[in-house]
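This report covers the chain as a whole and then one residue in its setting. The structure comes first.

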Amino acid sequence: MRVFILFILLTASTIGFAKRNKSKSKPAEPVTQPSTTLKNKVDTISYFIGHQIGNDMKKNGAEDINPYAVQKGMEDALKHDTSIVDEKIAMGLAQQFFTEKQKQKAAEKALKAKTFLEDNARRPGVKVTQSGLQYEIIHDTTGQKPLATDVVTVHYTGKLVDGKTFDSSVGGEPATFPLNGVIPGWTEGLQYMSVGSKYKFFIPGNLAYGEQGVQQAGIGPNETLIFDVELLDIKAPAPAIPEVPKAPSNIKVTEE
């Protein structure tokens with residue numbers, strides 16, 4: 001379903017940004033505002049598809065797309081099997097349009113993250129490490145601290161800079177994982193903690209999910225993340241079980 005939505009987004013959103021195709025063109029019909037009354041199941045599904053397209057456009061920074069031109073493009077494709085634009089030219093324009101929008105959105109996010117981290121670093125109680133990780137001690141304890149090779153158990157809540165929670169173990173089962181198997185900001189930060197302590201981590205994008213982000217969780221490329229973490233347990237990794245040597249295949253065992 002998601003692939004279908006993205007396909008519609010890429011093709012339908014080109015209307016209004018391309019040159020007309022003289023070989024296929026016909027007089028454009030007036031675009032009218034659609035009814036918002038949902039009378040049946042098909043209307044509900046149709047509205048849902050349109051709403052998903054709108055959300056995808058907004059996420060890609062394309063709020064200025066003309067929704068009625070999108071409607072016109074969909075009508076021509078579904079009802080008339082025609083197009084009033086040269087599709088190759090329109091595709092190129094659409095790709096350029098969304099690439100520029102994504103670059104603009106990324107630049108705005110980078111500036112916002114930089115400003116946030118600079119301001120946050122000046123707050124009393126916030127410590128900044130050489131890597132750029134920032135952390136604040138909420139509750140401290142003494143005792144053993146984990147090594148990067150240890151397995152740890154934690155409760156955590158992860159938020160974006162705007163305060164939106166994207167993941168949390170609170171209220172459910174704690175998370176257990178090898179410390180060297182998570183994002184660099186966690187691998188470094190938890191090594192400062194003892195069991196029972198609670199820290200708040202402010203993790204720059206390069207110490208989190210980097211350029212890739214985690215789109216399904218709403219984490220964009222190089223997104224700065226905020227985690228509240230409570231360290232519950234530390235365990236050394238289980239020792240590897242040595243394999244029993246096998247006899248070389250060219251040696252035959254004979255009975256006397």
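Which pattern does the chain follow, read along the sequence? The chain follows α-α-α-α-β-β-β-β-β-α-β-β, and its secondary structure comes to five helices and seven strands. Helices (H or I, at least four residues) and strands (E, at least two) are DSSP runs, numbered from the N terminus.

This is a predicted model, in which local features need pLDDT of at least 70 and side-chain atom pairs count only at pLDDT 80 or more, while totals for chains, interfaces and linings use all residues. Residues are numbered from 1 along each chain as its sequence is written, and side-chain values use heavy atoms, with hydrogens and water left out.

Values for the chain are listed below.

| Quantity | Value |
|---|---|
| Buried residues, of the 256 residues in the chain | 34% |
| Contacts joining residues at least 24 apart, among those between residues at least 6 apart in sequence | 72% |
| Carbon and sulfur share of the accessible surface of about 16900 Å² | 56% |

Buried means under 20% relative accessible area, exposed over 50%, and partly exposed in between (1.4 Å probe, protein chains only). A contact means heavy atoms within 4.5 Å. Accessible areas come from the Shrake-Rupley method with a 1.4 Å probe; for residues, only the protein chains shown count as cover.

Asp167 lies in strand β4 (residues 165–168). Asp167 counts as partly exposed because its relative accessibility is 35%. Leaving aside neighbours within four places in sequence, Asp167 contacts Tyr156, Thr157 and Gly158. The C-alpha atoms of Asp167 and Thr157 are 6.0 Å apart, with the two residues ten apart along the chain. With Tyr156, Asp167 forms a side-chain polar contact of 2.8 Å. A polar contact is a pair of N or O atoms within 3.5 Å; within protein, one must be able to donate a hydrogen and the other to accept it, and residues adjacent in sequence count only if both atoms are side-chain atoms.
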